[in-house]
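Open the model in your viewer and keep the selection tool at hand. The stops below go from the whole chain to single side chains.

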Amino acid sequence: MTQQTFPGAHPELTVLRLPLSDPRVRPLVEGLTEEYDRRYGGLFGGANQEMLRYPAEEFEAPHGALLILQEHGRSVAGGAFRRFDADTAELKRIWTHADHRRRGLARRVLVELEAEAVRRGYRRLYLTTGPRQPEAKNLYLATGYRPGFDLAADPETIKHLSFTKDLP
């Protein structure tokens with residue numbers, strides 16, 4: 001585990017790089033499962049199936065990473081990536097606790113994941129989000145991700161909204 005504290009706007013914000021089995025990751029997993037259930041129900045096989053789709057070791061070094069943002073010792077946001085191909089990391093599990101949204105924490109998670117992906121030698125990022133997550137779609141567009149779909153199309157007809165971003 002590595003830990004980093006950020007001065008400035010979020011003086012109590014700490015980034016932890018953790019394995020999926022760490023109890024501080026549980027709020028991310030539980031929060032995403034609840035969110036997916038609420039938004040999608042049984043679509044895509046259900047939230048539990050989605051959360052178990054990838055083995056935990058895919059989110060560990062050297063090819064993956066999982067990080068949590070903590071504030072005052074509570075996990076408030078997080079995300080992960082795994083190897084997609086030799087040059088590309090796939091972002092997964094980006095989450096912000098419902099009580100902490102609209103504070104820029106998801107952007108902070110993206111910045112941290114992007115920087116970690118660069119350190120791991122990746123040159124590109126890939127991700128998908130669901131059609132019932134417009135705030136995620138808007139976040140990715142606002143942070144320089146290119147859509148791999150027609151923005152004018154009804155997201156429900158696309159199912160998986162894909163995005164890519166080249167890394168420096």
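The tour covers the fold, the nonpolar cores and a group of aromatic rings.

This is a predicted model, in which local features need pLDDT of at least 70, side-chain atom pairs count only at pLDDT 80 or more, and totals for chains, interfaces and linings use all residues. Residues are numbered from 1 along each chain as its sequence is written, and side-chain values use heavy atoms, with hydrogens and water left out.

**Whole chain**

Start with the cartoon. The protein chain has five helices and eight strands, taken as DSSP runs (helices H or I, at least four residues; strands E, at least two) and numbered from the N terminus. Their order from the N terminus is β-β-α-α-β-β-β-α-β-α-β-α-β. Of the 168 residues, 48% are buried, meaning under 20% relative accessible area, with exposed over 50% and partly exposed in between (1.4 Å probe, protein chains only).

**The largest core**

Select Leu69, Phe81, Leu91, Tyr140 and Tyr145: these have the most contacts inside the largest nonpolar core, which has 28 residues. Such a core is a set of buried Ala, Val, Leu, Ile, Met, Phe, Trp, Tyr and Cys residues joined through side-chain atoms within 4.5 Å. Elements that each supply at least two of its residues include strand E3 (65–71), strand E4 (74–85), strand E5 (88–96) and helix H3 (105–119). H3 gives the most, with six residues.

Now centre on Leu69. Leaving aside residues up to four places away in sequence, the residues that Leu69 touches include Leu13, Val15, Val76, Leu105 and Val109; a contact means heavy atoms within 4.5 Å.

**The second core**

Select Leu16, Leu18, Val25 and Leu28. They are among the 13 residues of a second, separate core.

**Aromatic rings**

The structure holds six aromatic pairs. Rings of Phe, Tyr and Trp (its six-membered ring) pair if their centres lie within 6.5 Å; planes under 30 degrees apart count as stacked, over 60 as edge-to-face and the rest as tilted.

Show Tyr140 and Tyr145. Their ring centres are 5.7 Å apart and the planes stand at 65°, so this pair is edge-to-face. Tyr140 is buried at 6% relative accessibility, and Tyr145 is buried at 3%.

Next, show Phe149 and Phe163. Here the centres are 5.3 Å apart and the planes at 85°, so this pair is also edge-to-face. Phe149 lies in the loop between strand E7 (146–147) and helix H5 (155–158), while Phe163 is in strand E8, 14 residues apart. Both Phe149 and Phe163 are buried.

Finally, show the four rings together: ring pairs link Tyr140, Tyr145, Phe149 and Phe163 into a cluster.
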